[in-house]
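Q: I have a model open and would like to go through it. Can you take me through what was computed from the atoms?

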Amino acid sequence: MRAAVLLVALAAGGCGGSVTHHPDHDPPGARARAIEPCAATTRARDVRLRVLAGTPDMVVDVPAGLRAGHRVPLVLGLHGAGQDARGFEGESNFTQVADEHRFLVVYPQSWRPRGFWKYPEADNPRSGLRLLRAAIAGAARVACVDRGRVLVTGISSGGRMTYAAGCELAGRILAIAPVSGGTRRLPPCRQARPISVLDLHGTSDPIVSYRGVGPVMAGWARRQGCRAAARTRTVTRYVTRLDWPRCRGGVRVAHLRVQGGGHGWPPLGGPPGITLDGAEAIWRFFAALPSR
């Protein structure tokens, strides 16, 4: 059954000081609060939440049929440049995957020209990182969110912002999954703890050049304390998976290389005949991780 879509209005007032001022390390008592009964209503419905001033609405998907008080994983999906939250929802197929597997999806919306995400940037009331923090807090007011199972994913510019979340919000999230977001070098990084990473990219991307297992992925693996040499296996005719073993804290670091793939969310962008569903692949990776 298709879930209802919720519009989250980002207006003045916020979700309280805890959204914009908490450090990204878990605050005292967070573990105790995590096991308290969840009071949020989990039925699919349309609501408006005030999160941050002067920023656009978010799209939030709450699957129908969630049990009252049952905590569910949360995925934040970041659109690319030239795109908006609705466009990314349709392209990524995450709403359909969430409906099937019963997890919450929030699609934040950048307010910058052409939908770009910016990082690094000075901390300010409308920074992208504050928006992501507020999205996590706001989602918990819509449904019962398992704070130990929060994933950030995104494509292109949203993929680069996903890398930033992996650095700056590691105390709040379990994993990141950037798609076509490759960078020339690792961003400045202040990780509170190791996190799991699944990177997806096509080798024929004409917009964000494919760099594969070069300095970026090798650097991410090094930061998580993984072995330097990746293990390689063929997934399908066009898809190869690389895994860096024995990372710190049981995290996992992996890369899906789409041979001949362009700049698009798999299977969009080819090559013809590709069978990889990006949302399904990310969800399977995420679901297999131990909770925080």
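This is a predicted model: local features need pLDDT of at least 70, side-chain atom pairs count only at pLDDT 80 or more; totals for chains, interfaces and linings use all residues.

A: Starting with one cysteine, C189 is partly exposed, at a relative accessible area of 26%.

Q: Which cysteine is C189 joined to?

A: C189 is joined to C167 by a disulfide, with an S to S distance of 2.2 Å.

Q: What is the handedness of the C167 and C189 link?

A: Left-handed, with -105° about the S-S bond.

Q: How many disulfides are there in the whole structure?

A: The search finds two. Besides the C167 to C189 bond, a disulfide joins C226 to C247, S to S 2.0 Å. With 105° about the S-S bond, the C226 and C247 link is right-handed.

Q: Where do C226 and C247 lie?

A: In two loops: C226 is between α7 and β8 (231-234), and C247 is between β9 (239-244) and β10 (253-258). They are 21 residues apart, and the pair links distant parts of the chain.

Q: Are those two buried or exposed?

A: C226 is buried at 13% relative accessible area, and C247 is buried at 12%.

Q: You mentioned α7. Which of its residues are buried?

A: V216, M217, G219, W220 and A221. The buried residues of α7 pack against α6, β6, β7, β9 and β10. After the helix comes G225, with a positive phi near 75°.

Q: What lies over the face of W220?

A: R223, at 5.6 Å from the ring centre.

Q: Switching to aromatics. How many aromatic pairs are there?

A: The structure holds seven. One of them is F103 with W283, which is stacked, with 4.2 Å centre to centre and 10° between the planes.

Q: Why does that pair tie together parts that are 180 residues apart in sequence?

A: Because F103 lies in the loop between α4 (94-101) and β4, while W283 lies in helix α8 (residues 278-287).

Q: Are F103 and W283 buried or exposed?

A: F103 counts as buried at 0% relative accessibility. W283 also counts as buried, at 10%, because the cut-off for buried is under 20%.

Q: What kind of pair do W283 and F286 form?

A: An edge-to-face one, because their planes are at 80°, with the ring centres 5.9 Å apart. W283 and F286 both lie in helix α8, three residues apart, about one turn of the helix. Both are buried.

Q: Which residues make up the ring cluster?

A: Ring pairs link F88, F94, F103, Y107, W265, W283 and F286 into a cluster. F286 also has R149 over its face, at 5.2 Å from the ring centre.

Q: Now the core. Which residues touch the most other members of the largest nonpolar core?

A: L74, L76, L104, V106, I173 and I176, out of the 39 residues in that core. The elements giving two or more residues to the core are β2 (58-62), β3 (72-78), β4 (104-107), α5 (128-142), β5 (145-155), α6 (157-168) and α7 (215-223). The largest share comes from α5, with eight residues.

Q: Take I173. What is in contact with it, neighbours within four places in sequence aside?

A: I136, V150, V152, A165, G166, R193, I195 and R292.

Q: What about a second core? Which residues does it include?

A: There is a second, separate core of 33 residues, and V75, L151, A281 and F286 are among them.

Q: Last topic, the whole chain. How many helices and strands are there?

A: The protein chain has eight helices and ten strands. It has 292 residues, and 56% of them count as buried.

Q: How much accessible surface does the chain have?

A: About 12400 Å², and 51% of that belongs to carbon and sulfur atoms.

Q: And what share of the contacts joins residues at least 24 apart?

A: Of the contacts between residues at least 6 apart in sequence, 70% join residues at least 24 apart.

Definitions and conventions. Residues are numbered from 1 along each chain as its sequence is written. Side-chain values use heavy atoms; hydrogens and water are left out. A nonpolar core is a set of buried Ala, Val, Leu, Ile, Met, Phe, Trp, Tyr and Cys residues joined through side-chain atoms within 4.5 Å. Buried means under 20% relative accessible area, exposed over 50%, partly exposed in between (1.4 Å probe, protein chains only). Helices (H or I, at least four residues) and strands (E, at least two) are DSSP runs, numbered from the N terminus. Contact means heavy atoms within 4.5 Å. Accessible areas come from the Shrake-Rupley method with a 1.4 Å probe; for residues, only the protein chains shown count as cover. Rings of Phe, Tyr and Trp (its six-membered ring) pair if their centres lie within 6.5 Å; planes under 30 degrees apart count as stacked, over 60 as edge-to-face and the rest as tilted. A charge sits over a ring if NZ of Lys or CZ of Arg is within 6 Å of the ring centre and within 35 degrees of the ring normal. A disulfide is a pair of cysteine sulfur atoms within 2.5 Å.
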